[in-house]
Amino acid sequence: MKDVLAVVLAGGKGSRLEPLTRDRAKPAVPFGGGYRIIDFTLSNCLNSGIRRVLLLTQYKAMSLDRHITLGWRGYFCRELGEFVDVVPPQQRIDEKWYQGTADAVYQNIYTLEKERPKHVVILAGDHIYKMDYEKMVAAHEASGADLTIGALRVTKEEATQFGVMQVDKSNRIVGFQEKPANPEPAPGDPDHCLASMGIYVFNSHFLFDELCKDAALPDSAHDFGKNIIPANIADRKVMAFPFKDENGKSDAYWRDVGTIDAYYEANLELTNVEPQLNLYDDHWPVRSFQPNLPPAKFVFDNDQGEAGPRRGEAVDSIVSSGAILSGGKAVKCVIGHGARVNSYASVEESILFSRVNIGRRSKIRRAIIDKDVEIPEGVEIGYDHDADRARGFTVTENGIVVIAKGDGVLPIS
């Protein structure tokens, strides 16, 4: 994989994840207690043997940049030509922000050309999955393709949110539509379609030529799915590569956590006895920045306090390092680094980010609480959605309450 350069698109606003993306880019949103969303794509690169990575950022990139600096630079040796570099918009070609996925790569074309790669792997930085990109590059080379696209089997209802491909018997793509209202099903499977994962392997010279052609078209959206791919289906060899999951489970795991409800469900799935996403996997480890914190601690066991017996415990939960359950209880929760649940407090089916402090006797249900939020003593959240909204909190269609960084939480009067 020495001739491969990975380009990770990590500049999206993530507006559907607000308020979690109020102060951070979507790929920097915490996931699973001890990870960020970007860690899954970067772990795939590292585990696949890709040692040259450009991370293209745009909106609210400070926390993402900090995370890469703290957690990822140590895995790459610059002296050996390895790197993971965060590349902000430089306006070397255009004074505008990135206009689309293809334009983001085009505006950094000088940086890509400088590395002289044989193949360029283009990835999204905001999906949760495990995939060996080396297998995809090998299939790309074996087929003699100009472009290979990662393909995921999805239902017809889900396919309206993807680029949808039609393939022949050799997996050559013969048709492509971006987010069609009535997607064409996969051969022999009327209930499912082949969807683009937003994972592309390009021959580098072909990519550079197409980016320059597309940039000269005034009516183009400068997007891979809308413009680059459809323009080349007929005349160039464009192949589909069926998603091969490295997760080690019977069903393939791939999640787009682009909405609060989807994000919540993907996190809470991890608390199951046998979650579909295997984080305890020596074969395909997921790496991240691990802060220097002591182990999690659970204190008090039926100690008789002023309000009766109390016990620090967590049931069916993920508890990260530095967290303390000090006489409080968590059930089916994902608890971040350094969070604290104090005496007689109850937290159910919730996600606590780092350093959240749940006050005594508070009751939290089906909530996501962002970093450093202090919940005062005696507060109830998730039990009365009208009261939650009156406090200024976000309440989703599925009844998930989100408390953002900096949101004030008033005690019960």
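Guide: Let's start inside helix α7, which spans residues 204-215. (A helix is a DSSP run of H or I with at least four residues, a strand an E run of at least two, and both are numbered from the N terminus.) Lys213 and Glu210 sit 3 residues apart in this helix, so about one helical turn separates them. Their side chains pair up in a salt bridge, with 3.3 Å between the closest N and O atoms. (That takes a side-chain nitrogen of Lys or Arg within 4 Å of a carboxyl oxygen of Asp or Glu.) Glu210 is buried, at 8% relative accessibility. (Buried is under 20% relative accessible area, exposed is over 50%, and partly exposed is in between, using a 1.4 Å probe and protein chains only.)

A word on what you're looking at: this is a predicted model, where local features need pLDDT of at least 70 and side-chain atom pairs need 80 or more, while totals for chains, interfaces and linings use all residues. Numbering runs from 1 along each chain as its sequence is written, and side-chain values use heavy atoms, without hydrogens or water.

What about exposure, buried or exposed or in between, for Asp372? Asp372 comes out partly exposed, with a relative accessible area of 41%. Arg355 is partly exposed as well, at 42%.

Salt bridges can also share partners: Lys26, Asp126 and Asp256 are joined into one network that way. Within that trio, the side chains of Lys26 and Asp126 meet at 3.4 Å, N to O. This pair links distant parts of the chain, 100 residues apart. Lys26 belongs to the loop between β1 (4-9) and β2 (30-31), and Asp126 to the loop between β6 (119-124) and β7 (127-129). Lys26 is buried, with 8% relative accessible area, and Asp126 also counts as buried, at 19%.

And how many are there in total? The count comes to 18 salt bridges, among them the Lys213 and Glu210 pair we began with.
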